[in-house]
Amino acid sequence: MGIIKTKNLVYEYIRRDEEGNVEGITTAVDKVSLNVKAGEFIAVLGHNGSGKSTLAKHINAILSPTEGTVWVDGKDTAKEENLWEIRQTAGMVFQNPDNQIIGQVVEEDVGFGPENLGVPTKEIWERVEESLKAVGMYAYRKHSPNKLSGGQKQRVSIAGVMAMHPKCIILDEPTAMLDPNGRKDVIRAARALNDVEKITIVLITHYMEETIYADRIFVMDQGRIAMEGTPREVFSQVERLKELRLDVPQVTLLAHELQKRGLRLPKGILTTEELVEALKCLSY
Amino acid sequence: MSIILDHVNYIYGEDTPQAVHALKDICLQIPDGQFVGVIGHTGSGKSTLMQHMNGLVRATSGHIYYNGQDIYDADYDLKALRGKVGLVFQYPEHQLFEVDVFSDVCYGPKNLGLDKKEVELRAFDALRKVGFPQELFYQSPFELSGGQKRRAAIAGVLAMKPEVLILDEPTAGLDPKGRDEILDQIKELQTQTGMTVLLVSHSMEDVAEYVDRIIVMNQGSVLFDDTPHQVFAHYKELEEVGLAAPQVTYIMNALKENGFCVDTSVTTIKEAADEIMRAFQ
């Protein structure tokens with residue numbers, strides 16, 4: 001069994017009017033079955049309201065399934081007694097860094113998680129150092145988080161989660177509020193954790209460019225998994241993604257446009273290098 | 001008519017040890033009807049600059065002229081200015097508060113002291129302009145999707161009939177389709193009504209696609225102020241200040257380095273495709 005497994009996961013919201021009467025039921029996640037292997041880098045795409053965040057919140061048991069089952073590292077998230085362990089296994093980073101940072105000094109903030117787990121003091125400091133180095137924020141350990149840029153704060157949030165030594169980190173639109181450099185740094189940090197520390201990453205994003213290095217992409221629509229595959233498989237279906245209110249990386253879009261105009265390029269070009277190579281082949 | 005900023009400086013916490021020089025000697029002229037993109041890394045001063053445009057923040061020194069009048073004159077009506085220069089903040093949906101969307105959009109014009117009929121006409125018109133579906137007019141704003149909330153919030157500012165619309169990251173957190181829809185509608189509004197639009201954005205691709213002119217802010221100063229083609233030609237300098245060029249710029253430069261005879265100043269997919277096709281003929 002993989003690190004994250006869901007079987008026929010359904011989650012329903014009950015909408016109520018002002019008097020508390022039931023107005024209707026919205027199915028946010030609809031019969032999702034998936035299996036993520038330890039060490040994978042997974043990207044989740046989908047338009048607003050497609051169910052991505054609701055799905056993500058099941059992975060560290062913030063939400064409990066209406067129907068079906070979610071297992072994290074083999075443990076059923078619906079069982080109260082598993083909560084503590086599940087939240088240690090799967091850490092979560094949210095969109096707004098300002099809502100997640102509590103410490104007055106960067107290193108204190110990062111130490112907060114392991115401290116709550118009852119980790120011995122000496123080991124806390126080791127973990128803080130190691131986590132801040134992994135996200136490239138060690139030089140700022142004595143700084144006040146308030147003075148950091150959005151990208152730096154977000155990396156501190158990731159270090160805070162990492163210091164709890166989770167096997168899996170879920171990032172829910174971690175770059176939505178960041179400038180281009182901040183975005184790059186956060187994605188680089190997530191990839192490094194995956195490559196070097198072998199931590200399983202689930203990245204939810206609206207920026208298509210951030211997903212091209214993922215092992216697999218899940219595309220959600222109306223609470224279901226509408227597409228699944230490697231970045232190349234998913235992004236070669238430009239028209240289908242547009243129907244799902246999504247996009248493809250600009251390079252892929254340019255290659256697609258050139259194909260439409262008659263250039264014979266391979267499908268699913270993802271990087272500038274690939275496009276340059278493909279065009280070179282054509283010109284000889 | 002235009003907005004003119006003349007040697008504007010702004011210092012946070014002046015006369016305290018924590019003083020921060022947030023805007024440094026800004027001189028800008030924004031003529032009527034322009035679609036201007038404002039870019040800069042987090043903390044570069046772009047939002048502070050925008051808050052000066054409608055008098056929300058007062059410059060420490062320097063002058064701002066709106067249609068030829070100094071907005072810091074003692075008898076200048078700042079309240080009227082705020083009706084003319086509409087500011088849509090980041091995550092504007094956090095400011096929705098009424099029981100239904102229509103009342104929320106009515107709130108602004110109602111406060112301008114207009115009669116009920118005019119208020120409702122304006123609200124209706126503004127919601128239509130942002131492409132808000134009529135069947136949702138009387139829904140609670142809190143039950144809408146992200147994109148619809150954003151539309152409702154922008155309509156609330158449009159209902160004041162501003163001459164200048166300032167949008168601080170209007171598409172952050174929206175899915176790609178929602179992003180394109182909102183920007184297309186703003187572009188259309190700008191073309192139809194001749195309204196001036198200032199768009200603050202972290203997405204270089206969006207800025208390249210929509211605006212006539214880009215102002216690049218860095219550490220409180222204007223670093224570049226030119227057309228998208230000219231500004232993105234400085235992509236290396238932009239990277240040094242925490243920004244980037246649209247991906248297309250990188251592709252074109254890579255092609256040129258590899259011996260393709262292409263113009264590297266293009267910034268949109270369509271232009272790039274034209275340029276590559278030309279190189280292949």
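What share of the 281 residues of chain B count as buried? The notes below start there.

1. The figure for chain B is 46% of its 281 residues. Here a residue is buried if 20 or more other C-beta atoms, placed from the backbone, lie within 10 Å of its own. Please keep in mind that this is a predicted model, in which local features need pLDDT of at least 70, side-chain atom pairs count only at pLDDT 80 or more, and totals for chains, interfaces and linings use all residues. Residues are numbered from 1 along each chain as its sequence is written, and chains are lettered from A and ligands numbered from 1 in the order in which they are written.

2. Chain B carries eleven helices and ten strands; these are DSSP runs numbered from the N terminus, with helices being H or I of at least four residues and strands E of at least two. Its radius of gyration is 20 Å, close to the 19 Å that the globule rule gives for 281 residues, so chain B is as compact as a globular protein of that length. The radius is taken over C-alpha atoms, and the rule is 2.2 Å times the number of residues to the power 0.38. Along the principal axes, the C-alpha atoms of chain B fill a box of roughly 65 × 50 × 35 Å.

3. Turning to chain A, you will find ten helices and ten strands. Of its 284 residues, 50% count as buried. The C-alpha trace of chain A spans about 65 × 55 × 40 Å along its principal axes. Among its contacts between residues at least 6 apart in sequence, 64% join residues at least 24 apart; a contact means C-beta atoms, placed from the backbone, within 7 Å.

4. Now for the cores. A nonpolar core is a set of buried Ala, Val, Leu, Ile, Met, Phe, Trp, Tyr and Cys residues joined through C-beta atoms within 7 Å. The largest has 92 residues, of which A:Ala159, A:Ile201, A:Val202 and A:Leu254 touch the most other members. A second, separate core of 69 residues includes B:Ala126, B:Tyr210, B:Val211 and B:Val231.

5. Finally, the place where the chains meet. Chain A contributes 32 residues to the contact and chain B 34 residues. On the chain A side, helix H6 (180-196), helix H9 (250-260) and helix H10 (272-283) each supply at least two residues. H9(A) gives the most to that side, with six residues.

Methods. Contact = placed C-beta atoms within 7 Å. Buried ≥ 20, exposed ≤ 12 C-beta atoms within 10 Å, placed from the backbone.
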